[in-house]
Amino acid sequence: MDRYCFGVDLGGTTVKMGLFKPDGELVDKWEIPTVKDDGGSKILPDIANSILAKMDEKNIEKEAVIGVGIGVPGPVDPDGFCNKAANLGWVDKIDLEGDMHELTGLHVKGGNDANVAALGEAWKGGAEGYSDVVVVTLGTGVGGGIIVQGKVLAGSTGAGGEIGHIHIVDNEPEACGCGNHGCLEQYGSATGIVRLANRRLAEDNAPSVLRDGDISAKSVFDAVKAGDVVAIEIAERFGEYLGKGLANVACVTNPQIFVIGGGVSKAGDVLIPYIQKNYVKYVFHASRDAKFALAKLGNDAGIYGSAKLVLE
């Protein structure tokens, strides 16, 4: 009998789902909308119904399903409870694993979405073949996932890997989304790059193509590729902050490889030197040889990682 598992990546807009074989072969993938009405009460039933419908479609019996892995945008504790997920409308603690098991009759394992995506990249993505990995997701914020000896480092309450909230700058006047000031994601995220760009452009009148239109992380790195001097200075500052932050992470986790993902990573290989040279500048010598690579799974990292989570 063929065996299968499901990987679920639960986001604030859509739920991405994948049907996998245990060796990581992706058999099918699809998505449904995330319905956040009524405090997000419809989300888990919608996912369960979609999984059961896919099993009917593929003529898969419950006995053939190893389980369902699910990544959510919030911390998941060792007992399978998600302690709030504002992006889903969950303001109370949710029995993620218990409720999903009740709805599907299947074994369920849950995890934080960033950690789960890191597990996906370590399994079948940019860090395939490595056991000690840090995945850095550069999007609206800075997300992180840490893999130690092939296992997700989730921490006591599921909040492990929140590298975006490492304190990196003193006396920052603007607040981070978390409420603190001077967090790494205020400088290393897509919105952080825009912040750095606006501050640099305000310093003087040096010519730059960035003065001619809307500023975004993409426009900054497009200008870097074109040799724009001001854009290069912005990239240097970005790399300084991110390299220093990852050096701090390495002092705790000693990874073999850092994998850079998220929307900012679409800039491509131009990113890596700015981060890596500053990492080498600040890191403890025993972690200096860690490799840097771009993520490979893109939006599928979450479903791969969720599937791997339930295979553990």
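**View 1. Lysine 54 lies over the face of tryptophan 30.** In this predicted model, lysine 54 is placed 4.4 Å from the ring centre of tryptophan 30.

**View 2. Lysine 93 lies over the face of phenylalanine 81.** Here the distance to the ring centre of phenylalanine 81 is 5.7 Å.

**View 3. Phenylalanine 221 and phenylalanine 238 form an aromatic pair.** Let's turn to ring-on-ring contacts. Searching the whole structure gives eight aromatic pairs. Phenylalanine 221 counts as buried because its relative accessibility is 2%, under the 20% cut-off. Phenylalanine 238 has a relative accessible area of 1%, so this residue is buried as well.

**View 4. Phenylalanine 258 and phenylalanine 292 form a stacked pair.** Why is this pair called stacked? The planes of phenylalanine 258 and phenylalanine 292 are at 20°, so they fall under the 30 degrees needed for stacking, and the ring centres are 5.0 Å apart. Phenylalanine 258 is part of strand β11 (residues 257-261) and phenylalanine 292 of strand β12 (residues 291-294), so the pair ties together parts 34 residues apart in sequence. Are these two residues buried or exposed? Both phenylalanine 258 and phenylalanine 292 are buried.

**View 5. Phe20, Trp123 and Tyr304 make up a cluster.** To finish the tour, look for the ring pairs that link Phe20, Trp123 and Tyr304.

Note on methods:
Residues are numbered from 1 along each chain as its sequence is written. This is a predicted model: local features need pLDDT of at least 70, side-chain atom pairs count only at pLDDT 80 or more; totals for chains, interfaces and linings use all residues. Side-chain values use heavy atoms; hydrogens and water are left out. Rings of Phe, Tyr and Trp (its six-membered ring) pair if their centres lie within 6.5 Å; planes under 30 degrees apart count as stacked, over 60 as edge-to-face and the rest as tilted. Buried means under 20% relative accessible area, exposed over 50%, partly exposed in between (1.4 Å probe, protein chains only). Helices (H or I, at least four residues) and strands (E, at least two) are DSSP runs, numbered from the N terminus. A charge sits over a ring if NZ of Lys or CZ of Arg is within 6 Å of the ring centre and within 35 degrees of the ring normal.
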